[in-house]
Every structure is written in C-alpha cells, then in structure tokens.
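Please open the model in your viewer and keep the selection tool at hand. We will go from stop to stop, and each stop tells you what to select next.

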Amino acid sequence: MTTTEKPDYKVIGTRPIRPDGVEKVTGKALYGADIHLPDLVQGAVLRSPHAHARILSIDTSAAEAMSGVLAVVTHSDLPVVADKVLDMGEGASTASDMSKNVLAADKALYRGHAIAGVAATNVHDALTAIEAIKVEYEVLPPVLNVQDAMRDDAPLLDESRHTRNPDGEESDNASNVAAHNRFEGGDVDAAYAEADVVVEREFDTKMVHQGYIEPHNGTANWNSDGTLTVWTSTQGAFAVRGALAELLQLPVSRIRVIPMEIGGGFGGKIGVYLEPVAALLSRKCGRPVQLTMDRTDVFQATGPTSGGHMKGKIAVKDGKITAAEVSLAFEAGAFPGSPVMAGAMCMLSPYEVENFKVDAYDVVVNKPKVAAYRAPGAPNASFCVEQLIDELARETGVDPLQFRLDNSAHEGTRMITGVAHPRIGQEETVQAAQASDHYNSPIEGPNRGRGVAGGFWFNAGMQSSVVASVNPDGTVNLIEGSTDIGGTRASLAMQLAETLGIEYDSVRPTVVDTDSVGHNDVTGGSRTAYASGQAVYEAGLDIQQQMVARAAQLWECEAEDIEYVDGALRHTSDSEKTMTFAELAGKQMETGGPLQGRGSVVARSPGAAFGVHVVDVEVDPDTGKVDILRYTIAQDVGTAVHPAYVEGQMQGGVVQGIGWALNEEYYYGEDGRMENASFLDYRMPTSLDLPMIDTIIVEVPNPGHPYGVRGVGEVPIVPPLAAIANAVHDATGHRFTELPISPRRVVEELHNLQ
Amino acid sequence: MPRRTHIQTTLNGEEIDFLCEPRQSLLEVLRDELGLTGTKEGCNNGNCGACSVLMDGRVVNSCCVLGVEAEGADVVTIEGVADGDTLHPLQQCFLEEAALQCGVCTPGFIVAAKALLDSEPDADEGRVRHWLAGNLCRCTGYDKIVRAVLKASEMEEVSA
C-alpha cells in the first residue's frame, strides 16, 4: 500500500534473493562458533553462584596445575580503566563498569557474573578446571526489583553510587537509583481539574531476553607482535574494537575484529562479554582461544531488557488528550544504563500532548546488566500508556483507533523532548489499520476480544561508510561494514543498483573486517538500510561523477555536456555518443585507472517509525491460555526497499512482542537465582502458537533519505504488549496490568474476580 | 583423555568412520571432529532444534544423541540436503519466500521440514506448524517459514 506518490524505481521495491542466501540454506555460512584456526584451544568461564556477594579471594592455583589447562585469568589481569563513557550504539556504559561486568572485581552483582576464565586443550578440560577454582564469597542479600531497590534501607550494589537528580546534582545518600530524569511541560494539574475523564493505573513488567538462537561467542588471537585479532558474532565490529581498545588499553589500530555471520542480536550482541576474556587468555597462553556460551550463560550473563514499575495518569477533554503524567522505574541490572529514557521519550510521541510530567528512574538491581532489545524501553512504556488510552477511548465512547487518530501527532507536533516531528506517517498508519479487512471483520464468540495499540520508535542514523569498486565486466563489489542480520546485504546492494541504474545481480556486497573499511556504527537502531543505504547512494553518485568525467575525456567534451541516466552515459547534444555503464567499466585502464566510489555519512534524519497493531484473542477461562486468533500490523516504513524483508521484520517483531506479552519473563527465586534459564522454561513462541501475521506496508517517504527509507526493524515490537492486554480486556472485562499474561496469571486474576 | 571409540556410520550418503569420546554428543562430533558446522548449537539440551539432523530418516536433536550412537546409522545433515549444486526445493523455497533472516535456525528447520515432506508430502498448514514446533526461530515469527514449507510441498520434486 502506498500512501504518497513515489518515483518509479527499478530495483527498489522488488524481492530478489539475498546474496548470502545459498550459503545459509546449505549450512556453509560461517558463524562465530564455526571458526576453526590452527592451534585453536577452547575455554570456559567460572560464574558466580550468588546474586550478590563480596569476593574475598580467588585461588586459581589448583586449576592452573591441572592437565590440559593453559591459562587462567581474573579481573586482576585487566588493566585499570577510567570512568570514561563508552557509547557502543544503543545504550552507553562506562569503561570501568564494562570492565567489572566482563570479569567481576570486588563484588559479584548477579548470579552468572563472570569470575574467571580458563583456556585448555579442549572444552571438557576447561569446564573441569573452572570447578577447581576456589572463590571465597561473603554472601549479601540481593535486591531483585525496582521497588525493593528504591527503598531507603535497601542493600546497596555500590556504596559509592548516588542518584543524579533532574537538577544535575547528586543525592546526599548512597542509592541504587543511578539517575532520575524529568520531562515537564504545560500545567498537568490545571488540565486534570478541567478534564472530562481521568484514568490512572500502575503497571509492572518483567525482565525478558532477546532470545536469539545463536549463543554468544568470541575467538581471539593475541599475536606475538602485540596485535590482536578477534572473530565474533556481533552487531558492530567497530563497537567491539572500540570496547576492546578501552578495556585492554590498546590502540584501535592494533585490533582487528572480523565479524562472522550472526545468529540474531536484536540489540543484545552489541556489548562485549567473551571477547576480552578470550583475548586475555590468548595473551597468556600464546594460542588462539575460543569461548562460547551455553544457553544458561546467555540467559544469566548477557543483557536482557529491563522489567520495571510504571505509574500513569492521563486526562481527556472533548475527545482530546489534555494531560499525561507518567513515572517509569526500570531495572538497569547490575550497572546503570537501563533504556528508561528512551521509553520515556517514545511512549507519548504518537500523540499531541500539551501538558505532561514524565519521571524516569534508572535503578540497579542484582540481575544481569541490561542490553538493548529492539526499540529498547519503548514496549514497556507503551504497555502503560496504550492501555490507559484504550481505557480513555472506552470511557468516552470513541472507537479506539478513531481516538488515536483524533489525537495523532503530525508534522510540527512537539514531542516531550521539545523536538518537533518532521513529516511522519502516524495518521496514515492509523488510517491503514482502520481500513484493514481485519478491523472491519466482526469478532464473535465467547471469551474472544479485539485490541489495538500504537507505537513509536525514533530510529537511529549515526555513521556509515562504504567503498564500491567497479569491475571491468560492469559488475560492482560493494565493500561494507554493517553486520547483516536479516538481509541488509540485499537492501544495500539494491540501493546501489538503483543509484547506478544497473541490475541487482551486478552488485556483489561483502561485509568486511575493521581493517578493511572505514568506521561503521552498529547494526542497531534500525539504521542500516537507512544510513548505510545513504552511504551506498553517495558511493553511487561518486561513481556516476567519475564516469561522467571519464566519458568527457573519451569524447573530448565538457563534463557538463554529459548526463548519467539509467545506467548509461549520454552526450546531451550528440545522440550518437552513448555508452553503457558496463562499456565504460571496461575502459578503466585507458581512462585513469581503477574506478572506486566512496560513501561516508553521519546520517542525521532517520525518519521516525510508527506502527498500529490489531489483534484478536481467545482466552480459555479454565486453563488461562490466551490464543492469538488473528494479527495485523500496519507500519510506516518510508520506502520498502525489499518488501519481503520489511514484512519479515514486522512479523518477527510482533512475535517477540507476543512472547513478551503472554509467556516470557525472568523468573527469580528469593535468593536471586533465575529459575527458568532454559528454552524449555523460558517459553518463546513456537510455530504452533501463532497464526500468520498480516502486514500492511504504509509508505510515507522519509524526506531525510534519497529513497525515502525509514528504519523498520524495531517499532514492530512496541505495540503488541498493550494491544494484547487490550484484547484480553475486551475478551474478559479484566485489565491485566502485569506481564506476562500467562495462563497462571490469567487463572489467578480471573478467579479472584469471581 | 578418555578412551575413544571407533564408530562406522553413513553420513550424507557416504560411509565414514571416526573416533569419539563416550561423552561427546553427535553435535560435537559433527562440528568439532568432522568439520560439518552447518548443524548449529542453540541450547545444547534439546529445546531449540537448531541441531536437527536425520538419523535413519527420523529427526533428532543431535545435541541429545551421543556420537557413539551413530554406529551403523544413516545420518543426514544440512550439508547433505542439496543434490550437488542443485538446491532441494525446501532450500529454494526458503530463499524465494524470505524464510530466513539471521539464518542460524535455518539448517535445523530445513532438515526437520525435509523429514516431514519425505513422509507427508501433502502436509497442510496446521500439520506444518505442529511438526516444526520443536524448532525455534526468533527472527521471522514463522509466517514465511510455514509458507516456504507449504510452497515446497507443492513442487513436483517433493510430491512425486
């Protein structure tokens, strides 16, 4: 579905097969754990059995003496690093916190916190050896949720941490609240006093994991010349290089990160866990070392996203939202850095809200340090706001999509940050959902209900660079540095082919290591098709300009007399003089030598993404099971470069949201042990749990991109939590304010009602 | 080092032998001893299906099978699904239907789906969803995977 006129593209909008496809369906693609090197040894990591404990001593002597053991490392092998902020792309951390997270220093702050690493001739010997490491702990009481952590008498994770308050000052007392921020505008109290309806509720969500199928891995070779080579599955090879440089105190030029294929990330494979440990082990034993996590490690010791507690109060007068007051407290895990600010800045952005007061608390707890997860912070916050909006629509007797349309933000509407929206597709997206077959079909039968919700995500820009080398046969090698998680090789090759007016198959993209291309920020923030696409476009224009100059040289005319159209060069006044891209590509030696185009951007106009979801559910009142009967997602994608891959992002994000809404949670015992750290007990959706996911592609081109591209990947996970809660309310009359809406919770809450 | 056992088996149509420790899983043998890394480890306890291989025509999680159990068996991995340069219809349909994103679960899905279509070439959507419930995918939401399997089931090479 197209809502705005767009140019007649030749490649953009088609559905070609991805360049890396055959390797991936035949098992030949090499992921991080697939790398085998001469002399490679394996390792294992000892992890804390306690959620909160002081580390009194670590004795590695017995492990070091075991047969097959080559090296043992602990935090003391890491250099001391400054408190410098490291922004790896989605979520910042300080170098010293990252260092303490990689290998625990004086305290273990969550169960699974890495204590020591071992390298051995095989993984079984390494696993045996970590059991021989003697650690003396002073076990401390853990804090496991934000309410407990914010109490005055709460055990402190770090006695030296004080709250950074909205005024920029630090609190007098030490606290688990790392930061409190506030956005304020207008006069909420006056708006509440004049309102027709005010609704107010509290909400809770649990920590959840990205759930990528490939566990983390890291392979390192510390060469005898002091250079370090690392093979890893990461969303950003340059982010890994930068983190390693800080943690190991090496110049970035000495570190080469080779990005292997990646088995999913969703934000969770931006930070470093195993790579620095493998590097230290390799330096100590003089051989390449490979570390891989098992699934329990992935759950317990990588970064999930925050659970938290939220309070919301929204007022309506004459069908318009007049005031919103929301307080968000998110778990950061063991070190500061939850996505609470992103949640705060997103949740009201689809709407016009003049009077607002939003508080955001970043709270440390004895759980793994959170990492980015697809639109980090926004799904939780929207779970709160979009349910309150549903309630307001009901109380005022307005259709819930019409209520959203009546209150929609548009070009010029200011977000709570004060930034005005550029051209956005919020209204078009709501209208697309209103016009859908799904929304116009009746929902009938007992225990069935329909829910809707909207969502917003900023999308990111950041830095990308590419090089495109023209081959004598008219094909092009595109050298890029953006990790391809779901088809970006294809979407970038398509944009280059479009710019050059050549066939998609004529462009061969390759993702290369950090020595082989300029800096590229992470594949995250839904930025790659947009920002790396812009770099590709610039490289294409660069090639066009060079080709025009070379044609001028061949035809002995001025460059101004030549135009580049549809993959060919033409003399504007002499129709005899034409040359195809391939013909000129074959004349490189006689026209100045190898032809390379270069694109380098700091992309600053990502174009925000909006999605509106419609879902039908059936609730079994006896078992508490919620079935998804039908699901439709409408989303403004700007321009769908590869519509099938766009649909895939939409469908995948929705299904992660369905899991979050209905089943997924980190389930903790009082001792701080995660009791469901396996795919059996942390239940992600299977094919049997789901219907087909219907997609409606809305295209309101992003004015900040040559082809109108907006980021696509993240916003689909924002609405499902609230959309499903709204549908379950429609089916049962009961509002679920705590996630997940699991069979147990449904039975308990419905039973208590009766 | 524990004593290693000599195992003879058929792997992707070829008779081979290998040595393995009793504690090594078939997954570990395939990946670390035989260099066949197309079979992936996602959980190592039988919950995700990324390590699916066929043993005597049945889908098994190779992380939950010992290497020594391959003695005398007929094992097919993702590396044995295509016929030389000719992709299996499932592989072709996964590409055409955009049924993979990161691709790490893809080998397991293709192997599991092959076992289904080998025995039930007319499987419908409900049957496909039920059969593939042992394979986790976190990227696609399964929509395009199910469509790819159904499309492959309609191709002549499979239904013949």
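Predicted model: local features only at pLDDT ≥ 70, side-chain atom pairs only at ≥ 80, totals over all residues.

Residues are numbered from 1 along each chain as its sequence is written, while chains are lettered from A and ligands numbered from 1 in the order in which they are written.

**Stop 1: where the chains meet**

Select chain B together with chain A. Here 43 residues of chain B are in contact with 44 residues of chain A; two residues are in contact if their C-beta atoms, placed from the backbone, lie within 7 Å. On the side of chain B that touches chain A, at least two residues each come from α2 (89-96), α3 (106-119), α4 and α5 of chain B. Helices (H or I, at least four residues) and strands (E, at least two) are DSSP runs, numbered from the N terminus. Which helix gives the most to this side of chain B? Highlight α2(B), which gives four residues. Colour this side of chain B by class and you will find 21 nonpolar, 13 polar and nine charged residues. Ala, Val, Leu, Ile, Met, Phe, Trp, Tyr, Cys and Pro count as nonpolar, Asp, Glu, Lys and Arg as charged, and the others, Gly among them, as polar.

**Stop 2: the domains of chain B**

Now colour chain B as domain 1 (5-80) and domain 2 (89-159); such bounds come from an automatic or database domain assignment. The C-alpha centres of these two domains of chain B are 21 Å apart. Their contact takes 15 residues from domain 1 of chain B and eleven from domain 2 of chain B. On the domain 1 side, β3 (52-55) and β4 (58-61) of chain B each supply at least two residues, and β3(B) has the largest share, with three. By class, that side of domain 1 of chain B has seven nonpolar, six polar and two charged residues.

**Stop 3: the domains of chain A**

Move to chain A and select domain 1 (21-28 + 461-602), then domain 2 (399-405 + 416-459 + 607-753). Their C-alpha centres lie 38 Å apart, and 15 residues of domain 1 of chain A are in contact with 17 residues of domain 2 of chain A. Show α14 (488-500) and α15 (528-555) of chain A, the elements that give two or more residues to the domain 1 side of this contact.

**Stop 4: backbone details**

Most residues other than glycine have a negative phi, and most peptide bonds are trans. Centre on A:Phe266, whose phi is near 60°, in the loop between β15 (255-259) and α8 (275-285) of chain A. A:Phe266 counts as buried because it has 29 C-beta neighbours inside 10 Å; the cut-offs are buried at 20 or more other C-beta atoms within 10 Å, exposed at 12 or fewer, and partly exposed in between, with C-beta atoms placed from the backbone.

Next, pick B:Tyr142, with a positive phi of about 75°. B:Tyr142 sits in the loop between α4 (125-131) and α5 (143-153) of chain B and counts as buried, with 30 C-beta neighbours inside 10 Å.

Finish at the peptide bond from A:Leu739 to A:Pro740, which is cis, with omega near -10°. A:Pro740 is in the loop between α18 (720-732) and α19 (743-753) of chain A.
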